[in-house]
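Take a look at the structure first, then follow along.

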Amino acid sequence: MLEHIHAVTVDLTPAEIDNPFLCMWRTSKDLAQAENWGAYDVVHLQSHYGYHTALRLARMSGSRPALVTTFH
């Protein structure tokens with residue numbers, strides 16, 4: 001089962017590390033581009049880091065349903 005789990009690292013600039021919004025925004029954008037998310041049946045990303053991936057999946061979903069959940 002572990003062979004089906006992918007981890008993606010993000011390299012942040014010092015300015016992005018010091019600014020929580022820029023850190024989140026950059027991480028979200030990098031994660032969206034890190035993988036061909038359309039190749040998977042289920043994609044789970046931690047909360048706000050999935051923003052850009054959700055947008056990308058929604059654009060490519062076609063007849064596939066998309067489900068986005070948030071928890072606070």
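Q: Which residues in α3 do Trp25, Ser28, Lys29, Leu31, Ala32 and Gln33 in α2 meet?
A: Keep in mind that this is a predicted model. Contact here means heavy atoms within 4.5 Å. On the α3 side, the residues that meet this α2 group are Tyr51, His52, Thr53 and Arg56.

Q: How do the residues of the contact of α2 with α3 divide into nonpolar, polar and charged?
A: Both helices contribute, with Trp25 among the α2 residues and Arg56 among those of α3. Sorted by type, the contact residues come out as 4 nonpolar, 4 polar and 2 charged.

Q: At what angle do helix α2 and helix α3 pack, and how far apart are their axes?
A: Two packed helices are described by the angle between their axes and the distance between the axes. Helix α2 spans residues 20-33 and helix α3 spans residues 51-60. For this pair the values are about 40° and 6 Å.

Q: Is Gln46 buried or exposed?
A: Gln46 sits in the loop between α2 and α3. Its C-alpha atom is separated by 9.6 Å from that of Ser28, 18 residues apart along the chain. Exposed means over 50% relative accessible area. Gln46 has 52% relative accessibility, so the residue counts as exposed.

Q: What percentage of the 72 residues in the chain is buried?
A: The chain holds 3 helices and 0 strands, running α-α-α from the N terminus on. Buried means under 20% relative accessible area. The share of buried residues is 17%.

Methods
Residues numbered from 1 in each chain as written. Predicted model: local features only at pLDDT ≥ 70, side-chain atom pairs only at ≥ 80, totals over all residues. Heavy atoms only, no water. Axes fitted to C-alpha atoms, helices over the stretch in contact; angles between N-to-C directions. Helix = DSSP H or I, 4+ residues; strand = E, 2+ residues; numbered from the N terminus. Nonpolar A, V, L, I, M, F, W, Y, C, P; charged D, E, K, R; others polar. Buried < 20%, exposed > 50% of the residue type's maximum accessible area, 1.4 Å probe, protein only.
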